[in-house]
Amino acid sequence: MLKYYKYISVILISVLTLFTACQEDDYELGTIEVPTNLEISFEIVGVDAENPFGDGTGFVNFTATANNEINYTYAFGDGTGKEVSADGNITHRFSLPGTNTYTVTVLAVGTGGVTSSKSVQVEVFSSFSDEEAVAFLTGGSSKKWYWAADQPGHAGLGPNFVNETNHTFAQWWTAAPFERECMYDAEFVFTQTEGGVTFEQTAGPASIPGTYADKIGVEGNTCHGEDVAPSLYGVKNVTFAPASSIATEDGAYRGTSFTISDNGFMCWWVGTSTYEIIEITDNILRVRVEEDDTYAWYHIFTSTKPSQEPAGVDVEYTNLIWSDEFDSDGTPDAANWAYDLGAGGWGNNESQTYTNNAENASVSGGTLKITAKADGGSYTSARLKTQDLFEFTYGRVDVRAKLPKGGGTWPAIWMLGANFPEVDWPACGEIDIMEGIGNDPGHIQCALHTPSSFGATVNMESTTVADASDEFHVYSVNWSENQITFLIDDEVYYTYAPESKSADNWPYDADQFLILNVAMGGTLGGTIDPAFTESSMEIDYVRVYQ
């Protein structure tokens with residue numbers, strides 16, 4: 001090796017001689033020194049007489065010392081890549097379940113980049129495992145994932161520090177569906193092997209947000225290739241460990257993180273390879289990624305590649321099996337409709353009390369009118385349902401309706417699993433055919449609530465119907481054994497079709513019943529306009545086809 005150092009010295013001295021011929025100043029080349037006397041020591045956390053290989057956390061504290069060194073580079077032998085330590089001290093977590101022996105190599109780096117190295121073997125016990133997460137990621141063998149580009153918030157930004165609000169969700173920015181066009185060709189493959197789990201991005205670019213682009217001196221909020229992100233492609237190892245961020249401590253997260261070796265990442269490059277799992281099912285992966293002490297990114301991936309063009313219905317249902325045309329004035333037909341009664345917020349902090357009074361639910365002029373009314377500082381309304389009167393499995397529902405006006409109104413046309421009394425929500429499954437928001441006129445959304453995603457569900461979509469409170473429109477759902485499709489005026493705007501179905505993501509193979517209501521306030525209705533007096537949702541017909 002020393003003969004190469006002589007050649008390097010000759011070349012450098014020649015270059016400096018040429019340079020000084022044109023400059024007045026003098027430059028002196030520093031001495032290239034190989035680090036010597038490299039020593040490594042380590043302490044496995046939790047070692048005692050009963051736990052000779054540690055307490056199961058997998059943590060090991062390393063210390064390296066040498067002469068003439070600048071810094072130290074550690075390679076831990078577990079597929080997690082390399083880490084640099086300025087003073088030789090570093091703590092690493094080995095997460096392969098069980099007791100395993102790792103060869104840890106340390107390079108002491110000297111002037112001119114020359115190194116000396118030394119290796120030690122470390123036998124460590126790790127009790128951590130998340131077999132369910134591995135099974136979801138890999139499908140038991142190999143599984144491909146994509147950006148959930150059709151979902152609002154598939155990319156988002158929030159704080160990575162304790163503040164006055166919250167640091168467990170993307171409160172600063174969320175991407176609209178298909179907002180970042182350049183990155184949606186990305187494909188990610190997780191594979192289960194005898195030795196663990198591997199990861200590979202097989203297609204698509206690296207998307208670099210402005211926060212990180214400024215740090216590395218490239219254009220931000222756009223896509224780049226391997227010239228900017230050299231670790232973009234190639235097979236890499238994946239290791240799992242308990243998550244330990246402030247979000248896991250405070251949020252309802254899974255408690256598991258995974259790290260991609262060799263600086264690997266899932267398209268969105270912010271200089272880190274560790275992903276904290278918020279939620280994982282067989283078709284949804286929601287993660288949190290820490291860029292630094294300020295920024296945390298939130299991503300949603302799916303195992304079903306989204307299409308920007310909504311798919312059509314897969315089954316045409318044309319046989320009318322049940323309807324209410326609301327042709328008889330008076331109260332709603334008791335053979336078709338029952339009532340939910342009472343107050344208590346209905347699980348959403350709603351402000352109304354549901355009644356069976358005619359002033360809240362009546363039929364006249366060929367339409368059903370569900371009316372929300374202010375009542376001396378409180379509110380009344382009605383919630384009609386077909387529970388125990390009409391329930392069905394698979395088919396199409398068409399509801400022609402005109403929505404109420406007024407800040408705080410929350411009209412809804414929806415369905416709930418008939419087994420709700422036995423299994424409760426969300427195990428029964430909920431299908432929201434239409435929800436409107438009086439504080440956001442024209443905003444219409446549909447949603448699905450399942451055990452795998454409920455409440456702030458990722459399985460939803462929204463659109464705009466500017467005259468929804470002035471004109472009648474037909475709100476529809478087409479429900480087959482393979483997919484659920486939502487339509488407005490016979491135009492598809494969202495389809496839910498999980499690639500593989502389970503009770504967690506598809507509680508939709510049993511009877512459901514219909515519900516019509518107007519809520520006030522609550523999690524979606526929001527602030528009620530103090531000037532609100534009353535407003536109605538008018539329904540021309542409800543028709544069910546099979």
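Q: Which residues form a nonpolar patch on the surface, and about how much accessible area do they have together?
A: Keep in mind that this is a predicted model. The nonpolar patch you can find on the surface is made of Phe420, Trp425 and Phe454. Taken together, their accessible area is about 270 Å².

Q: Is phenylalanine 420 buried, partly exposed or exposed?
A: Start with its place in the fold: phenylalanine 420 sits in helix H5, which covers residues 420–423. Its relative accessibility is 31%. Buried would need under 20% and exposed over 50%, so phenylalanine 420 counts as partly exposed.

Q: Is glutamine 387 buried or exposed?
A: You'll find glutamine 387 in the loop between strand E26 (383–385) and strand E27 (395–402). Its relative accessible area is 15%. The cut-off for buried is under 20%, so glutamine 387 is buried.

Q: Which side chain makes a polar contact with the side chain of glutamine 387?
A: Let's look at what surrounds this loop residue. Setting aside neighbours within four places in sequence, glutamine 387 is in contact with Pro421 and Phe513. The polar contact of its side chain, at 2.8 Å, is with the side chain of lysine 385.

Q: What distance separates the C-alpha atoms of serine 141 and phenylalanine 190?
A: Serine 141 is in the loop between helix H2 (131–138) and strand E8 (142–147). Not counting residues up to four places away in sequence, serine 141 touches Phe190, Thr191 and Gln192. Along the chain, serine 141 and phenylalanine 190 are 49 residues apart, yet their C-alpha atoms are separated by 8.3 Å.

Q: Is serine 141 buried, partly exposed or exposed?
A: The relative accessible area of serine 141 is 43%. That value falls between the 20% and 50% cut-offs, so serine 141 is partly exposed.

Q: How many residues of strand E9 are buried?
A: Strand E9 spans residues 155–159 and is mostly covered. The count of buried residues in E9 is five of five.

Q: Which residue in E19 stands opposite proline 159?
A: E9 pairs with strand E19 (residues 295–302) over five bridges, in the antiparallel sense. Within E19, the residue opposite proline 159 is tyrosine 295.

Q: Which residue in E10 is the bridge partner of glycine 156?
A: E9 is also joined to strand E10 (residues 173–174) by two bridges, and the two strands run antiparallel. In E10, glycine 156 has as its bridge partner threonine 174.

Note on methods. Residues are numbered from 1 along each chain as its sequence is written. This is a predicted model: local features need pLDDT of at least 70, side-chain atom pairs count only at pLDDT 80 or more; totals for chains, interfaces and linings use all residues. Side-chain values use heavy atoms; hydrogens and water are left out. Buried means under 20% relative accessible area, exposed over 50%, partly exposed in between (1.4 Å probe, protein chains only). Helices (H or I, at least four residues) and strands (E, at least two) are DSSP runs, numbered from the N terminus. Two strands pair if DSSP finds at least two bridges between them. A polar contact is a pair of N or O atoms within 3.5 Å; within protein, one must be able to donate a hydrogen and the other to accept it, and residues adjacent in sequence count only if both atoms are side-chain atoms. Contact means heavy atoms within 4.5 Å. Patches are made of residues with over 30% relative accessible area and no salt bridge: like charges are joined within 9 Å, nonpolar side chains (Val, Leu, Ile, Met, Phe, Trp, Tyr) within 5 Å. Accessible areas come from the Shrake-Rupley method with a 1.4 Å probe; for residues, only the protein chains shown count as cover. A salt bridge is a side-chain nitrogen of Lys or Arg within 4 Å of a carboxyl oxygen of Asp or Glu.
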